[in-house]
Amino acid sequence: MGKATGFLETERMENPLRAEDDRLKDFNDLHASLPVRDRHSQASRCMDCGVPFCQSDFGCPLHNLIPEWNDLLWQGQEKEALARLLLTAPFPEFTGHVCPALCEKACNLADEGVTNRDNELYLIETGFARGWVVPRVPSRRTGKQVAVVGSGPAGLAAADLLNQRGHTVTVIERADLPGGLMMYGIPNMKLPKEIVERRIRLMEAEGISFLLNTEADPDQLRAFDAVILCCGSRRPRSLNLPHMDAEGVHYAVDYLTCATRGLLSGSAPVLSASGRHCIVVGGGDTGNDCVATALRQGASSVTQLEMMPKPCTARVPGNPWPEWPRTLRTDYGQLEAISVLGSDPRVYETTVGSIQVDEHNRIRSVETVRLKRTPEGRMEPIPGSERIVPCDLLLIAAGFIGCEEQTLRTLSLEADARGRVLPADGSHALGGSWFSAGDLRTGQSLVVRAVADGRAAAHEADAFLAAAH
Ligand SMILES: Cc1cc2nc3c(=O)[nH]c(=O)nc-3n(C[C@H](O)[C@H](O)[C@H](O)COP(=O)(O)OP(=O)(O)OC[C@H]3O[C@@H](n4cnc5c(N)ncnc54)[C@H](O)[C@@H]3O)c2cc1C
Ligand code: SF4
């Protein structure tokens, strides 16, 4: 039973963001932590509702036992709270950093929802600090060999569950470091890379093998009793304009990957926004990460173009609680731009109409064009609204359209119209001993959904292996 009057006595308080002028000097974690006393009182705000919407399909995709561990945390029983959390959440340190916290918006306290994400981060970090998180090596091995292709959150979640079931798991990853978009994609200030590396070391100690710099090959995969494909949804949406190959035009993930590689190697990134006029196409979270990275690298200016109209500040009819609110959010990168450049970098109902290059095929400017919504709901250019804007770094963060062609071809996979490798019956089973999970199956989504989907695929694969015995 939660503290009945907790939410009446204590206001919602999130982990504070470091001040802009401080955090812009480095790529370190954006957030500071609350003192333990405040963390306990934040947990005491949970009412242990009869119908906990936080745990429902509107809330946490992992169906975390949120009221139970909030209650234990409030009472100072951190170890027991962490044990309840780990029953459903294999990597609370990832979701504790990057989850948009669907559960908090679905919470019965609505806009003042309990700070579940910060609470879970506190629990897992306390667990690591006090030595409660130790390798769990299965006492018995089944003799079954499982390959997991892709080491993003879906692959790691599937590998973790199947390893705990006693199967021998090899994760095959083509990048030089594991973690998928959590390593090369999400910037360090949002998810510090040592946190990903710490979990990988733990998984290795539990018996999971990581085969890096390795592209999955169907002949190699035939040697395994089951294969879980978690290759992500990594084909970026192009602007389909001439000069997309110009120097200075890059996809967001390529740019963010360079930034992380530079940081990890301690050298200047191969591709930097330093001293450049940077335009980011795409007003979403990936675009925001580009804005924040470009500011840290010392861009001369940063503008973020969004083709859709500016969202409302409050929920609109048709988007009621407990659904995720489709309202205006000003994220950390945009707050930083406001602080440094004096204005919100976002320009709505605008896109790039053309790219201008110099004689060396280097981008020099772009033509922006304003858009308006047609009665049919399409966004169309407004004639005469074109404007030439200086630009020597154009970053495309316009979303993802599914699995990469090369992976589909090499592994003989079929994608649906949205680029997903999604079995027709909605399961994870692709036929034979192969399964798909994560963004590969659902389309570009969230870390927490990829973790939930990786676990669901692993359950199906485990049942398949048991039946095949
Ligand atoms: C810039 C950016 C920021 C984001 N920020 C957030 C956030 O703050 N919060 C959030 O919840 N979500 C965020 N997301 C979304 C989230 O990162 C993804 O939904 C999640 O990582 C998907 O996990 P996954 O395991 O399915 O795929 P991925 O993380 O894409 O991992 C797939 C892995 O498979 C490997 N691979 C692919 N093909 C092969 C092959 N043929 N052989 C071997 N290996 C292969 C890839 O190298 C990669 O490592 C962000 C995404 C981006 C791009
Ligand atoms: S809905 Fe909110 S208050 Fe209710 S149990 Fe979940 S987190 Fe606690």
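Which residue forms a salt bridge with E125, and how far apart are the closest N and O atoms? In this predicted model, the partner of E125 is R198, and the closest N and O atoms of the pair are 2.7 Å apart. The count between domain 1 and domain 2 is 2 salt bridges. Residue pairs in polar contact between domain 1 and domain 2, with both residues at pLDDT 80 or more, number 5.

The size of an interface is often given as the accessible area lost when the parts come together. For domain 1 and domain 2 the buried area is about 2,000 Å², with carbon and sulfur atoms giving 75% of that area. F91, F94 and V98 supply 30% of the area that domain 1 buries against domain 2, more than any other three residues.

Elsewhere, T10 is found in the loop between α1 (6-9) and α2 (20-23). T10 counts as buried because its relative accessibility is 17%, under the 20% limit for that class. Apart from neighbours within four places in sequence, the residues in contact with T10 are S41, Q42, S44 and R45.

Helix α14 (residues 332-341) has the buried residues Y332, G333, Q334, E336 and A337. An α-helix has 3.6 residues a turn, so residues three or four places apart point the same way. The cover over the buried residues of α14 includes α2, α13 (285-296), β7 (301-305) and β8 (346-347). After α14 comes G342, with a positive phi near 90°. In the loop between β7 and α14 lies P322, which is joined to W321 by a cis peptide bond with omega about 5°.

Most residues other than glycine have a negative phi, and most peptide bonds are trans. Positive phi values are found at H63 and N361, neither of which is a glycine. For H63, phi is about 55°, and the residue is placed in the loop between α3 (36-43) and α4 (66-74). H63 counts as partly exposed because its relative accessibility is 35%, a value between the limits of 20% and 50%. For N361, phi is about 60°. N361 is located in the loop between β9 (350-357) and β10 (363-373). With a relative accessibility of 27%, N361 also counts as partly exposed.

Terms used. Residues are numbered from 1 along each chain as its sequence is written. Chains are lettered from A and ligands numbered from 1 in the order in which they are written. This is a predicted model: local features need pLDDT of at least 70, side-chain atom pairs count only at pLDDT 80 or more; totals for chains, interfaces and linings use all residues. Side-chain values use heavy atoms; hydrogens and water are left out. Buried area is the accessible area (1.4 Å probe) that two parts lose on being put together, summed over both. A salt bridge is a side-chain nitrogen of Lys or Arg within 4 Å of a carboxyl oxygen of Asp or Glu. A polar contact is a pair of N or O atoms within 3.5 Å; within protein, one must be able to donate a hydrogen and the other to accept it, and residues adjacent in sequence count only if both atoms are side-chain atoms. Helices (H or I, at least four residues) and strands (E, at least two) are DSSP runs, numbered from the N terminus. Buried means under 20% relative accessible area, exposed over 50%, partly exposed in between (1.4 Å probe, protein chains only). Contact means heavy atoms within 4.5 Å.
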